[in-house]
2 protein chains.
Amino acid sequence: MSSSSLLQTSISSSSSAFFANHNLTFNSRARSVSLPAKHVGICKCVATPQAEKTEYKTQVSRNANIAKLQAGYLFPEVARRRAAHLKKYPDAQVISLGIGDTTEPIPEVITSVMAKRAHALSTLEGYSGYGPEQGEKPLRAAIASAFYDNLGIEEDDIFVSDGAKCDISRLQVVFGSNVTIAVQDPSYPAYVDSSVIMGQTGQYQKDVEKFGNIEYMRCTPENGFFPDLHTVSRTDIIFFCSPNNPTGSAATREQLTQLVQFAKDNGSIIVYDSAYALYMSDDNPRSIFEIPGAKEVALETSSFSKYAGFTGVRLGWTVVPKQLLFSDGFPVAKDFNRIVSTCFNGASNISQAGGLACLSPEGLKAMREVIGFYKENTEIIVETFESLGFKVYGGKNAPYVWVHFPGRSSWDVFSEILEKTHVVTTPGSGFGFGGEGFVRVSAFGHRSNVLEACKRFKQLYK
Amino acid sequence: MSSSSLLQTSISSSSSAFFANHNLTFNSRARSVSLPAKHVGICKCVATPQAEKTEYKTQVSRNANIAKLQAGYLFPEVARRRAAHLKKYPDAQVISLGIGDTTEPIPEVITSVMAKRAHALSTLEGYSGYGPEQGEKPLRAAIASAFYDNLGIEEDDIFVSDGAKCDISRLQVVFGSNVTIAVQDPSYPAYVDSSVIMGQTGQYQKDVEKFGNIEYMRCTPENGFFPDLHTVSRTDIIFFCSPNNPTGSAATREQLTQLVQFAKDNGSIIVYDSAYALYMSDDNPRSIFEIPGAKEVALETSSFSKYAGFTGVRLGWTVVPKQLLFSDGFPVAKDFNRIVSTCFNGASNISQAGGLACLSPEGLKAMREVIGFYKENTEIIVETFESLGFKVYGGKNAPYVWVHFPGRSSWDVFSEILEKTHVVTTPGSGFGFGGEGFVRVSAFGHRSNVLEACKRFKQLYK
């Protein structure tokens, strides 16, 4: 809309006696103002106000922890390179199998409920303002029932959120700067980046491509992408994602039992990321809470993003069992609740209505079909790279295919694929040093694009 | 939905070859599992796994900064007391003029666009996944144009968010633990609480009811609710809310010019909260950027919550001008962008569609009407308390009425009003020591409730 319409409109005083002095133009007076700047007594420095083109610097120091971060967050960086490529080749038919963004429409059984909720907000009966920061009760109950039934997880252990990535940062705020963390290497970059931001780490060490004071748990084809816990040092927090992003591997029940025992023996807290659990084909746990005793050492974060195409709608959840206690016996859930209440105001009520629709019998059926579609994409990608003689991992239990290019730099391969096929992937090294030599190919895409991308891969690597 | 339906459903393998091994039940196997717990070599402590009823504690220390917080976040605490009151008087007709929650339906011109966007997500053309973390381009442009036209604020200075409260926390993450802050006293509690959480403060000092290392800028009837800057010590960050929550007072152009000069002389950054700007009746600035030079020392956060009834829909924005620099010359906007990208994934696309509808000519007109309605409520509340002989502040430029009960404890008055009239208010001292002796009465309510509440106030205080 044009701002001039706004600036020129003022409320007619006839509409309400209270509007008489109420002019809703925002800045109609700003242009003519030139009050003399008053000098205030106790100011410690004297800066002469100057034209805004002269560079004025505040005296606020930049947060040294943020300065430690090496580059932009991975996915915006991938998007940046994609944009640069499009500029270079404006006519190229670029296909994105990069950032793991869902592409298929959300089933109508879900969107119709969101639309209904939106309409209801225009009615007296259907209007709702602030909801509980922890999420609406029926949704919390439905999540507990759908995903954690028989696991001893209750409705009030569930905290509904605007997504797992956001919850990871809120969890880091709960933990503070004095904890140590371990991550799978490679892993979803939000764990490491949020840890750096909170000041839990040392500086980035260029020679080893690692941050100081983070325990990187190497996950390689050789160890079946499950870390050798005998070589892992104790940390306060262990981030663990299964099925894994980016490797696509899923931990078995026996491996997760080992992990829980490891945490218990060390007094650590596992932050378990199960955002891809519904992509599991194998007979592995979908939740860490399937492992006996996990409630005392683990919390779990998950999301509707990759199940229902909610990457833009924004809805996730975190489970913090009451049994999970800090060393002084204080429940982690109580502090998480305080942070959620203070730093967040709940997920959008319309998104929450969508989440509840996802968990209805029809919604679940519809979600399964979308997930099934992406799993078919995964198979197509796996078969393509295998037919070209590549060693391929993942895919079976996750929407990510982890392709090995031994001895090569991930970013080089990323650039080669982009330059020669106009397909965007994600360089494995963006997920940590352990991802070097790999490229992640996402299975989120229209079928025609996936088939076309695979055709181009075959031309490039035949 | 019943979990058993989920557990019993598996995908028919006929629907897709890839579904053959794909069983989407989540935890059907969890109940029969009892694998022996493996003991892992390097564990540093040996804890015998026991039944979960025995209290196991991790060895992770509780974040000492969070432990500094004195009580629950104010508004959940008010909600808790309201719930307790309802339990005590199950038949009472409780009226809430407490937490500042909007009550009037959202105009259809706005919800119909959100519903349309929701429906479109079920179509190939209308589907969208991850959007830019900073917000959709048309919305950023519309905000820049509607609120900051002619002020030199550009589209890419606008960061769309899920609300001002959430942005305040993200800003605190940007600033980190080594900054000092100043707040108006009284003020919206999220500033102080988020500062405590980030470790910027000392302990709570019970005798003075303040946290160490925070500069409390006293705002009283005597100074017209604008701090005497001659007595204010330099801090890195100055939180400043105008029109103010809770006092309802708005700073004049001259006062804000003083504030900007004060920040410039001290090299401070002003975090300006303008969430109530559209409630302004007087001829005061709606944005800090109306003050010349403010872009070098200020950022501004605002919200659709109180304009369009979006408290549950969740949509806000923060303006970080490119001209705002840390002491080393690094742009604050770049670090905020990094935090937004790493800790957030953008506001819901449906909410953003609603925001854009708010800024259409019809949307603006509809918003003005809702705001006008609440302003009428404000007048009714002001007149009521004035007729009872109370000194009343605020109201004219904000949806909050700040009622003085000299010499009395705010929580006592809160309890008295709740007990005797079944009306929920907010105790002034919940906003800081400077709010002691005041009660904030919110003008958000159905007209009938506001009238009924005022009738009861008249009975109580006649």
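**Briefing: domains, salt bridges and local backbone features**

A:Pro246 is located in the loop that runs between strand 7 (237–241) and helix 8 (253–266) of chain A, where helices (H or I, at least four residues) and strands (E, at least two) are DSSP runs numbered from the N terminus. The peptide bond leading from A:Asn245 into A:Pro246 is cis, with omega near 20°. The model is predicted: local features need pLDDT of at least 70, side-chain atom pairs count only at pLDDT 80 or more, and totals for chains, interfaces and linings use all residues. Residues are numbered from 1 along each chain as its sequence is written, chains are lettered from A and ligands numbered from 1 in the order in which they are written, and side-chain values use heavy atoms, with hydrogens and water left out.

**Chain A overall**

- Chain A contains 14 helices and 15 strands.
- Of its 462 residues, 65% count as buried; buried means under 20% relative accessible area, exposed over 50%, and partly exposed in between (1.4 Å probe, protein chains only).
- Taking contacts (heavy atoms within 4.5 Å) in chain A between residues at least 6 apart in sequence, 72% join residues at least 24 apart.

**Domains of chain A and their interface**

- Chain A is assigned domain 1 (72–105 + 363–461) and domain 2 (108–360); the bounds come from an automatic or database domain assignment.
- The C-alpha centres of domain 1 of chain A and domain 2 of chain A are 25 Å apart.
- At the interface, 32 residues of domain 1 of chain A are in contact with 40 residues of domain 2 of chain A.
- The two domains of chain A bury about 3000 Å² between them, 61% of it on carbon and sulfur atoms; buried area is the accessible area (1.4 Å probe) that two parts lose on being put together, summed over both.
- Between domain 1 of chain A and domain 2 of chain A there is one salt bridge, defined as a side-chain nitrogen of Lys or Arg within 4 Å of a carboxyl oxygen of Asp or Glu.
- The side chains of A:Asp282 and A:Lys396 form a salt bridge at 2.7 Å, N to O.
- The side of domain 1 of chain A that touches domain 2 of chain A draws at least two residues from each of helix 3 (74–88), helix 12 (361–387), strand 11 (392–394), strand 12 (400–404) and strand 15 (438–442) of chain A.
- Helix 12 of chain A gives the most to that side, with eight residues.

**Salt bridges within and between chains**

- Over all chains, the count comes to 46 salt bridges.
- A:Lys137 and A:Glu155 pair through their side chains at 3.0 Å, N to O. A:Lys137 lies in helix 5 (residues 137–148) of chain A and A:Glu155 in the loop between helix 5 and strand 2 (158–161) of chain A, so the pair ties together parts that are 18 residues apart in sequence.
- A:Lys137 is exposed at 56% relative accessibility, whereas A:Glu155 is partly exposed at 27%.
- A:Asp335 and B:Arg62 form a salt bridge at 2.7 Å, N to O. A:Asp335 lies in helix 10 (residues 332–343) of chain A and B:Arg62 in the loop between helix 1 (3–8) and helix 2 (64–68) of chain B, so this pair joins two chains.
- A:Asp335 is buried, with a relative accessible area of 2%, while B:Arg62 is partly exposed at 21%.
- A:Arg338 and B:Asp193 form a salt bridge at 3.2 Å, N to O, which crosses between chains from helix 10 of chain A to helix 7 (residues 189–197) of chain B. Both A:Arg338 and B:Asp193 are buried.

**Local backbone features and one cross-chain contact site**

- The peptide bond from A:Asp185 to A:Pro186 is cis, with omega near 10°; A:Pro186 lies in the loop between strand 3 (181–185) and helix 7 (189–197) of chain A.
- B:Asn213 is not a glycine, yet has a positive phi of about 70°. B:Asn213 sits in the loop between strand 5 (210–211) and strand 6 (214–218) of chain B and is partly exposed, with a relative accessible area of 48%.
- B:Pro105, in the loop between strand 1 (95–96) and helix 4 (108–120) of chain B, touches A:Leu121, A:Ser122, A:Thr123, A:Leu124 and A:Tyr127, not counting residues up to four places away in sequence.
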